[in-house]
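Hi,

Here is the structure I promised to pass on.

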Amino acid sequence: MDSETPAASPEDLMIAVEQLVRYVRSSATTASLSVAAASALGRLSREGPYRLTELARAERVSQPNMTQLVTRMERAGLVRRVADSSDGRGVLVQATETGLDFFRQRRTEHAEALRELVEELTGPEQRAVKTALPALARAIQQRRARS
């Protein structure tokens, strides 16, 4: 940042993050998912199967809400419930191949939208974004690991 550019306030940063997320999400041409469904499908795609209660906890929603969400995603063919091989009474929720393909397609579309946006920045701004965003992701991971 040069001496002519005022420092952004936390509120300014939050507005920028909201605008960025909204822009990237709106860039997807694949079918739309709710934020909760996209988050849960993303977690299942990245981390593998979860028990419903664990998925609800990880996504910070109630178990009844997660049950409804999983049922809707199951009807759409994005996830399925399977027996937990480590506990015959337990059930796991896992992404289907359709769900994995959907997740990968949306991730690709979002990454392309972000790449195009970053390309419009100056060289120093591009370097700042490419440093700041991974640093924020690390801070989030560290904070979650502590809690």
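Predicted model: local features only at pLDDT ≥ 70, side-chain atom pairs only at ≥ 80, totals over all residues.

Residues are numbered from 1 along each chain as its sequence is written, and side-chain values use heavy atoms, with hydrogens and water left out.

**Salt bridges**

I took a salt bridge to be a side-chain nitrogen of Lys or Arg within 4 Å of a carboxyl oxygen of Asp or Glu. By this rule there are 8 salt bridges.

One of them joins Glu 59 to Arg 43, with the closest N and O atoms 2.5 Å apart. This pair links distant parts of the chain, since Glu 59 sits in helix α3 and Arg 43 in helix α2 (residues 35-47), 16 residues apart. Helices here are DSSP runs of H or I with at least four residues, strands are runs of E with at least two, and both are numbered from the N terminus. Glu 59 counts as buried at 14% relative accessibility, and Arg 43 is buried with a relative accessible area of 14%. For these words, buried means under 20% relative accessible area, exposed means over 50%, and partly exposed is in between (1.4 Å probe, protein chains only). There is also a network of salt bridges here, linking Arg 43, Glu 47 and Glu 59.

Next, look at Asp 84 and Arg 51, whose side chains meet in a salt bridge (3.0 Å, N to O). They too link distant parts of the chain: Asp 84 is in strand β2 (residues 79-84) and Arg 51 in strand β1 (residues 50-51), 33 residues apart. Asp 84 is buried at 9% relative accessibility, whereas Arg 51 is partly exposed at 23%.

Then there is the salt bridge between Glu 112 and Arg 115 (2.3 Å, N to O). These two are separated by about one helical turn because they are 3 residues apart in helix α5. Glu 112 is partly exposed at 33% relative accessibility, and Arg 115 is partly exposed at 38%.

**A histidine in α5**

Helix α5 (residues 97-119) also holds His 110, which counts as buried at 16% relative accessibility. Leaving aside residues up to four places away in sequence, His 110 touches Val 24, Arg 25, Ser 27 and Ala 28; touching means heavy atoms within 4.5 Å.

**The surface**

Met 14, Val 17 and Val 21 make a nonpolar surface patch of about 230 Å². Patches consist of residues with over 30% relative accessible area and no salt bridge, joining like charges within 9 Å and nonpolar side chains (Val, Leu, Ile, Met, Phe, Trp, Tyr) within 5 Å. Val 17 is in helix α1 (residues 10-26) and is partly exposed, with a relative accessible area of 41%.

Arg 46, Arg 60, Arg 107 and Arg 144 gather in a surface patch of positive charge. Arg 60 lies in the loop between α3 (52-59) and α4 (63-75) and is exposed, with a relative accessible area of 68%. What else stands out about the phi of Arg 60? That angle is positive, about 60°, although Arg 60 is not a glycine. Most residues other than glycine have a negative phi.

Cheers

How values were computed. Areas by Shrake-Rupley, 256 points an atom, 1.4 Å probe, with all protein chains shown as cover. Lys, Arg positive; Asp, Glu negative; His and termini not counted. Charge placed at Lys NZ, Arg CZ, Asp CG, Glu CD.
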